[in-house]
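Hi everyone, thanks for making the time. I'd like to walk you through one model this morning, so please bring it up on your screens.

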Amino acid sequence: SCTRFELTNFAVFIKEACYMNFGKIVFAQIMQFIPRREFNDIVAKYRGNYRVRNLTCYDQLLVMCLAQYADKNSLRDIEASLNALAVTHKLYHCGISYAVPRNTLAKANELRDWHIYAELGQVLIKKVRPFYAKDSFRLDIDNMVYAFDSSTISLCLKLCPWAKFRKKKGGIKLHTQLDLRGNLPVFVLLTKASVHDVNALDEICVEMGAIYLIDKGYVDFNRLFNVIHKNGAFFVTRAKDNMQYEIVKSMPVDKQTGVISDEIVRLTKENSKQKYPKEFRMVVYEDFTTGNLYRFITNHLGYDALTIAELYRERWNVELFFKWIKQHLHIKSFYGTSENAVYTQIWIAVCAFLLLAIAKKHMHIEEPSLYMISQTIGTMLFERIPIPELFNKPIINVPKDDGQLDLFRDLKS
């Protein structure tokens, strides 16, 4: 007969053995958050699996996400990795049905409608936003705050003639609206690089009471008035150097905070005045660290001048997002050259980012940022370990000196 102690140890052993044999690998733990029913509906809408023999849209999504997380540089690199995973019997645990040849993946990226993954991105955005709605914001502000900006992604003109930008350059623009509570992309628009930034403002869905932080490249008084102001929202941006205006009212400021002036102004140029007939606010702020002067314009009259300046500083989060998504979710090394292949890869990269954001909240990972999580995940994709355990700080017990080292002290003396 076995003692209770032996039975307990045996139960622990069985539990650990089951975990080692049947525990999901890290990659599969992330992919479980793909909403399969919604994704299947989208695929059916665009007939993505029509006359497909092996590589379904879901397999394509898994392979491309794997390539993004594992930092693969080319289709050949992806193919080699899939073959290695098949040999070590890990491909099945990734959820991928077989080692996809690079030609098959290239054909799928070229022919499958990129809108499939764009709509999946929209579904993931709707699912992830409630998780971050109550996240803290650096400034004491109750309004929703969005940063809106664009980033140009360079493409080889010879390989991508459809993306002609300048005489000898090619490129596309990634216009992104970032929710600064969680730094999540809530709106993404892909255009050719030749499209001017201000045109993207026509596509956003403006929320009443929200604050939009935009670069001065987006300053078009007609759109600022009709798209943002008339819809009950607020903008904070920088004034262009050639803006002609007159001061209607000046408010007192504390210059020790860096605020030089806080004024209500009105446009004086006839054309501009017709586009924006209302008065608005201009805050002049000096950055003491660099000595630079900034002229911020806004239609928000409630917050103090320093808060307006600090709000615009938060716009840099969208620049960090662009930098991160280009570096860590391979967007500069494209796996195809057609317009459809490039758009497919960018949207799958956005989906991969959103899946990480969902996993972070579902698994109650609080401490590291999303950017740090992505770096760690990339090195542990095929390990059977619960993702939260990757970020639990180990407790290091330093043994106390129990006198056993006295022998060595005696020898030294």
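Let's start with a question: of the 413 residues of the protein chain, what percentage count as buried? The answer is 47%, where buried means under 20% relative accessible area, exposed means over 50%, and partly exposed is in between, using a 1.4 Å probe and protein chains only.

A quick word on the ground rules. This is a predicted model, so local features need pLDDT of at least 70 and side-chain atom pairs count only at pLDDT 80 or more, while totals for chains, interfaces and linings use all residues. Residues are numbered from 1 along each chain as its sequence is written, and side-chain values use heavy atoms, with hydrogens and water left out.

Now the overall picture. The protein chain has 15 helices and nine strands; these are DSSP runs numbered from the N terminus, with helices being H or I of at least four residues and strands E of at least two. Take contacts, meaning heavy atoms within 4.5 Å: among those in the protein chain with a separation of 6 or more, 64% are between residues 24 or more positions apart. The accessible surface comes to about 22300 Å², and 53% of that belongs to carbon and sulfur atoms; the areas come from the Shrake-Rupley method with a 1.4 Å probe, and for residues only the protein chains shown count as cover.

Let's zoom in on helix α8, residues 221–228. Why do we call α8 largely enclosed by the rest of the structure? Because six of its eight residues are buried. Those are Phe221, Arg223, Leu224, Phe225, Val227 and Ile228. Their cover includes β4 (211–214), β5, β7 (259–267), α9 (270–275), β8 (280–286) and β9 (293–298).

One of those covering strands, β5 (residues 234–238), holds Thr237. Thr237 counts as buried because its relative accessibility is 0%. A polar atom of the Thr237 side chain lies 3.5 Å from the backbone oxygen of Asp215. Beyond its neighbours within four places in sequence, Thr237 is in contact with several residues, including Ile214, Asp215, Val219, Phe296 and Tyr312.

Ile214 and Asp215 come up again with Arg315, which also touches Ala147, Asp149 and Leu213, not counting residues up to four places away in sequence. Arg315 sits in the loop between α10 (305–313) and α11 (316–328). Is Arg315 buried or exposed? Buried, with a relative accessible area of 3%.

On to the cysteines. A search of the whole structure finds zero disulfides, taking a disulfide as a pair of cysteine sulfur atoms within 2.5 Å. For Cys160, the nearest cysteine sulfur is that of Cys156, 6.8 Å away. Cys160 is buried at 4% relative accessible area, whereas Cys205 counts as exposed at 64% relative accessibility.

Helix α12 (339–362) and helix α13 (370–379) each supply at least two lining residues, and α12 gives the most, with three. Among the lining residues are Ile30, Leu356, Lys360 and Ile373.

Notes. A polar contact is a pair of N or O atoms within 3.5 Å; within protein, one must be able to donate a hydrogen and the other to accept it, and residues adjacent in sequence count only if both atoms are side-chain atoms. On a 1 Å grid over the protein atoms alone, a cavity is a set of points where a 1.4 Å probe fits but cannot get out, and a pocket is an open set with protein on both sides within 12 Å along at least five of seven lines; lining residues have an atom within 4 Å of a point.
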